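Open the model in your viewer and keep the selection panel at hand. The stops below go from one selection to the next.

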Amino acid sequence: MAEKHLKIELATPDSKQSIEPALSCSAPGVLGRFQILPNHTAFISELAVGEIKIVLPEKTRYFATSGGFLEVVDNKVLLLLETAEPAENIDVARANQAKERASERLHSKNASLDMLRAEAALARALNRLKVAERASP
Ligand code: ATP
């Protein structure tokens, strides 16, 4: 029988939570953003730095993630994430500092610096700043 909802299990190295009943879940796949609706076929994807959007009947929740994996089977969506910050919990000052640090590193001529690491830190900081704008005032 067709289901109308999804059950989301969101886990990070230091937290675990269930979010339900969800109407949809959108995530930043490494090959592009995608959306899971009820009755989706079994599916697995690696996730990139980006925004997780979970639509519930009464509200929509947004999380910033640094990446991980999403699996969906039988209307259960498992999100295994390196980090997941709800939009309303993002420390904007901290993200701005991380952005400045990473930008300075990328603009420095110091060849011994790990540029890939600085680029990744900048992407995480910019993503946090973007997702923080979703927080309701
Ligand atoms: P920073 O340099 O500020 O530590 P980072 O990108 O290196 O940023 P991570 O290693 O991705 O940080 O995350 C470490 C922990 O801190 C994780 O639990 C993550 O959720 C949390 N975290 C990082 N930045 C923020 C932020 N701006 N607001 C809220 N939590 C954050």
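## Stop 1: a salt bridge to start from

Select Glu51 and Arg134: their side chains form a salt bridge, with 2.8 Å from N to O. This is a predicted model. Glu51 belongs to strand β6, while Arg134 sits in the segment after α2 (115-132), so the pair links parts that lie 83 residues apart in sequence. Now colour the two residues by accessibility. Glu51 is buried, because its relative accessible area is 11% and the buried class takes in values under 20%. Arg134, at 43% relative accessibility, counts as partly exposed.

## Stop 2: the other salt bridges

How many salt bridges does a search of the whole structure find? The search returns 3 salt bridges.

Select Arg128 and Glu85 next. Their side chains meet in a salt bridge at 2.7 Å, N to O. Arg128 is in helix α2 and Glu85 in strand β10, so this pair ties together parts 43 residues apart in sequence.

Then go to Lys7 and Glu9, whose side chains meet in a salt bridge at 3.6 Å, N to O. Glu9 has 22% relative accessibility and therefore counts as partly exposed. Lys7 also counts as partly exposed, at 27%.

## Stop 3: the two domains

Colour residues 6-86 and 89-132 separately; the domain assignment gives these as domain 1 and domain 2. Taken over C-alpha atoms, the centres of domain 1 and domain 2 are separated by 24 Å.

Select the residues in contact across the boundary: 11 residues of domain 1 touch 7 residues of domain 2. The area buried between domain 1 and domain 2 is about 690 Å², with 59% of it on carbon and sulfur atoms. Which three residues supply more than any other three of the area that domain 1 buries against domain 2? They are Val49, Glu85 and Pro86, which supply 55% of that area.

For the polar part of the interface, display the residue pairs in polar contact between domain 1 and domain 2: there are 5, counting pairs with both residues at pLDDT 80 or more. The count of salt bridges between domain 1 and domain 2 is 1.

Stay on the side of domain 1 that touches domain 2. At least two residues of this side come from each of β6 (50-55), β7 (60-65) and β10 (84-86). Select β7 in particular: with 4 residues, β7 gives the largest share of the side of domain 1 that touches domain 2. Coloured by class, that side of domain 1 shows 5 nonpolar, 4 polar and 2 charged residues.

## Stop 4: a residue in strand β5

Select Ser45, in strand β5 (residues 43-47). Is Ser45 buried or exposed? Ser45 is buried, because its relative accessibility is 13% and the class covers values under 20%.

To see what surrounds this residue, leave out the neighbours within four places in sequence and display the remaining contacts of Ser45. These are Gly29, Val30 and Phe34, together with Gly68, Phe69 and Leu70.

Terms used. Residues numbered from 1 in each chain as written. Predicted model: local features only at pLDDT ≥ 70, side-chain atom pairs only at ≥ 80, totals over all residues. Heavy atoms only, no water. Buried < 20%, exposed > 50% of the residue type's maximum accessible area, 1.4 Å probe, protein only. Contact = heavy atoms within 4.5 Å. Domains from an automatic or database assignment. Buried area = accessible area lost by both parts, 1.4 Å probe. Salt bridge = Lys/Arg side-chain N within 4 Å of Asp/Glu carboxyl O. Polar contact = N/O pair within 3.5 Å; in protein donor to acceptor, adjacent residues only side chain to side chain. Nonpolar A, V, L, I, M, F, W, Y, C, P; charged D, E, K, R; others polar.
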